[in-house]
Amino acid sequence: MRVGIYGGSFNPIHRGHTGLATDICRAGLVDEVWLMVSPLNPLKREQQTELLPTDERLHMARLATAGSDCLKVSDLETRLPLPSYTVHTLAALHEQHPDHEFVLIVGEDNWQRFDRWYHADEIRAQHDIVVYGRDADTGMILHHPDGTSEVHPQPRRYDISSTAIRQALSRGELDVPRRWLHPDVYRYVRSHRLYV
């Protein structure tokens, strides 16, 4: 099986995350996408004060993907040493699932600073990498370890961020969260008074 690994804080997970992951599946780039909820992003340490506990973010991710035929949620990084380096995550995945092929999924902003990632060259040398942009006109680019790449259409644009949702919730503005959060996630956030 060819599995896309889409890591992030998912603080909170929203329709942009799940929509993009579903688009990547439907484009035939992978058979499944595993959403890898990160306990601690080494490049976003300054944002940790706004980060919900990992178990809450995992719960919301599971609510958002329930019933999907191609989206799964992984808690693997909660069992690995911190900080969460992608090269270690991929190595653990290969050890646990030797029959799977793993494809890394990253945003264009992360791709532009990919050289700062821990053991970036090792990741590039061993894995296909799907790079998606905020702008649907850019398309999704599939980079291969041999240096070649392919451009695939990116059918939809998701002009939203978890930060924007958190900010709206903190101001008591509910239109954006209601639109972009899965209904079960929205109910969970509201009933537990998260991000207020």
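A residue is called buried when its relative accessible area is under 20%, exposed when that area is over 50%, and partly exposed in between (1.4 Å probe, protein chains only). This is a predicted model, in which local features need pLDDT of at least 70 and side-chain atom pairs count only at pLDDT 80 or more, while totals for chains, interfaces and linings use all residues. Residues are numbered from 1 along each chain as its sequence is written, and side-chain values use heavy atoms, leaving out hydrogens and water.

| Cysteine | Relative accessible area | Closest cysteine sulfur |
|---|---|---|
| Cys 70 | 8% | Cys 25, 3.0 Å |
| Cys 25 | 11% | Cys 70, 3.0 Å |

A disulfide is a pair of cysteine sulfur atoms within 2.5 Å. The sulfur of Cys 25 lies 3.0 Å from that of Cys 70, so the two are too far apart for a bond. The structure holds 0 disulfides.

Now to the strands and helices, which are DSSP runs numbered from the N terminus (helices: H or I, at least four residues; strands: E, at least two). In a regular strand, side chains alternate between the two faces of the sheet. Strand β5 (residues 129-132) points Ile 129 and Val 131 one way and Val 130 and Tyr 132 the other, and all are buried.

What does β5 pair with? Strands pair if DSSP finds at least two bridges between them. β5 runs parallel to β4, joined by 4 bridges, and antiparallel to β6 (residues 140-143), over 3 bridges. Val 131 stands opposite Val 106, and its bridge partner in β6 is Ile 141.
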